[in-house]
Amino acid sequence: MFRSIEELGRLKEETGMSTWQIIAACQNELNLADAEEIAQQTAEGSIREMLDCMAQRYEIMKKGARDGISNPNRSRTGLSGGDAYRLEQYLESGKAVTSLTGRAAALSMAINEVNAVMGRIVAAPTAGSCGILPGVLIAAQEWFSYTDEQMAQALLTAGGVGMVIAVRATISGAEGGCQAECGSAAAMAAFALTELRGGTFRQCADALALVMKSVMGLVCDPVAGLVEVPCVKRNAFGAAQAVLASDMVLAGIESVIPADEVIDTMKTVGSQLPPALRETADGGVAVAPTAIAITQRLKETGVL
Amino acid sequence: MLIEEVIGPVMVGPSSSHTAGAVYLGRFIYSLAKGVPKSAVVTLYESFAKTGRGHGTDRALVGGMLGYAADDERIRDSFDHAKSQGFDVTFKTSGSMSPHPNYMTAQIVTQDGMPMTVSGCSIGGGKIRITQLDDYKVDIGFDNTLILVEHLDTCGIISAMTGVLAEHGINIGTMSVFRPKKGSKAMLMAETDQKISDAAIEQMKQLPNIYSVFYLTPFAD
């Protein structure tokens, strides 16, 4: 099993296989040199099963996006809900200046708002960051008319890349801060989107690196310990970064620091963050005066 | 690590450790109790206690104890569902330290009137560890089918128990044996690759020096 983006890239160069197929083959412990076996498993075996699983999960993501974006209501706490709806209305009004970016952001918030009210979601890689990857992919499918099969492949690619991040660094806010959750999700989305758009492996890796560098040190500071503020809107920004990163690398912009080194850096920086900034609600905006007042109010009214 | 753990699990929000993990803890209890318990008193510790309400940890635990899967949207209203089924559940929080920040202890009574105490924690990504069953200090996950056999700690009994599994073609993945005291009641816990048939469980129960057998499955009905 590959343990680095670089190794994944090398396997791609050696075999000429698609990224998603290499990931699936490795997961199922298939011999990468056995093209016939891999083709067979892709048509009707273990790889097909994996793609079907991703396709099913994509449907759940799409439903969440539809439910969230049409819901103007606030959550029980009043801290989230209705913002995806608001942004979507604004985008449709023609006054917005972001197009694919805005749509990806709106969809990301939609799904994360569903998460906040105990709706059904797919952790990708976590529940707190669950809006980013689908927000970007669903918006991209609308924009570029990708097929459902391509989307299942993209999820598989994102999953494989996410595994490298999880294994080399962390995807837990409690361990690494929000850079590990929303940062990882956005990095996965950047990689997958760039590949969908026809980027080279190096460009996909650079997109991942650029996004992760842009959120280096991002703390996890949830107001009242809930997964609402600033989580929902961070999902929007994560989606936006992923979309922009794909444009940047396709324009020929390169990441000076390679992806694996950025991932390793995220791990180190995460461990250097004090516990107050790692999902304890003891630091960051969670202890801003307004947040403290909100927490107090929620406790007094029995919501918390 | 599996791809399905990165693009997954499918769950109700908002948190894999405080919601999905809690559902699995509840579901372990449901499986152990062979159905929805009659009553439960659940104590939440540390992070579970602090952010439990906001993350729906309590609703998720109840949902699991009602047998719901981690992505069942009925979890949102699980307190109402519990009430309508006559399942009496109360929650407490403790200021004491616990072996893990996401920790709970449930004192339950099954429909048959049997009391049980289960403690466990949610370690992230929806994964759980059960750390105590009545007097037995244990350390088990709940990814696969589990067989728990309470037996007398005596020479040859482990061989007899595993022999029954072998006879029925059941492969053991991980296994632990716990005994609070030498020569007294002990607990064998095995994660198995295959489901365990009623015949195998019956045969296990008929072995000498066996007190009880529990068969748990994490998969939703």
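Q: In which hand does H10(A) pass H11(A)?

A: The crossing of H10(A) past H11(A) is right-handed, a label given when the near helix is turned clockwise from the far one by less than a right angle, with anticlockwise being left-handed. This is a predicted model, in which local features need pLDDT of at least 70, side-chain atom pairs count only at pLDDT 80 or more, and totals for chains, interfaces and linings use all residues. Residues are numbered from 1 along each chain as its sequence is written, chains are lettered from A and ligands numbered from 1 in the order in which they are written, and side-chain values use heavy atoms, leaving out hydrogens and water.

Q: At what angle do the two axes cross?

A: Helix H10 (residues 178-196) of chain A and helix H11 (residues 201-214) of chain A cross at roughly 155 degrees, and their axes come within 8 Å. Axes are lines fitted to C-alpha atoms, for helices over the stretch in contact, with angles from 0 to 180 degrees between N-to-C directions. H10(A) and H11(A) are therefore roughly antiparallel (over 145 degrees; under 35 is roughly parallel, 65 to 115 roughly perpendicular and the rest oblique). Helices (H or I, at least four residues) and strands (E, at least two) are DSSP runs, numbered from the N terminus.

Q: What classes of residue make up the contact of H10(A) with H11(A)?

A: The contact of H10(A) with H11(A) has 11 nonpolar, 4 polar and 1 charged residues. Here Ala, Val, Leu, Ile, Met, Phe, Trp, Tyr, Cys and Pro are nonpolar, Asp, Glu, Lys and Arg are charged, and the others, Gly among them, are polar.

Q: And how are H1(A) and H2(A) oriented to each other?

A: Their axes come within 10 Å and cross at roughly 105 degrees, so H1(A) and H2(A) are roughly perpendicular. The contact residues include A:Leu8 and A:Leu11 of H1(A) and A:Ile22 and A:Ile23 of H2(A), where contact means heavy atoms within 4.5 Å.

Q: Changing topic: how much area do chain B and chain A bury between them?

A: They bury about 2700 Å², 59% of it on carbon and sulfur atoms; buried area is the accessible area (1.4 Å probe) that two parts lose on being put together, summed over both. The contact takes 28 residues from chain B and 40 residues from chain A.

Q: Which three residues of chain B supply more of its buried area than any other three?

A: B:Ile3, B:Val6 and B:Ile7 supply 26% of the area that chain B buries against chain A.

Q: How many salt bridges are there between the chains?

A: There are 2 between chain B and chain A, each a side-chain nitrogen of Lys or Arg within 4 Å of a carboxyl oxygen of Asp or Glu. B:Asp71 and A:Arg120 form a salt bridge at 2.8 Å, N to O. Over all chains, the structure holds 21.

Q: Which parts of the chain does the pair A:Lys62 and A:Asp148 link?

A: A:Lys62 lies in helix H4 and A:Asp148 in helix H8 of chain A, 86 residues apart. Their side chains meet in a salt bridge of 3.9 Å, N to O.

Q: Where are the cis prolines A:Pro125 and A:Pro230?

A: A:Pro125, joined to A:Ala124 by a cis peptide bond, lies in the loop between strand E1 and helix H7 of chain A. A:Pro230, with a cis bond from A:Val229, is in the loop between H11 and helix H12 of chain A.
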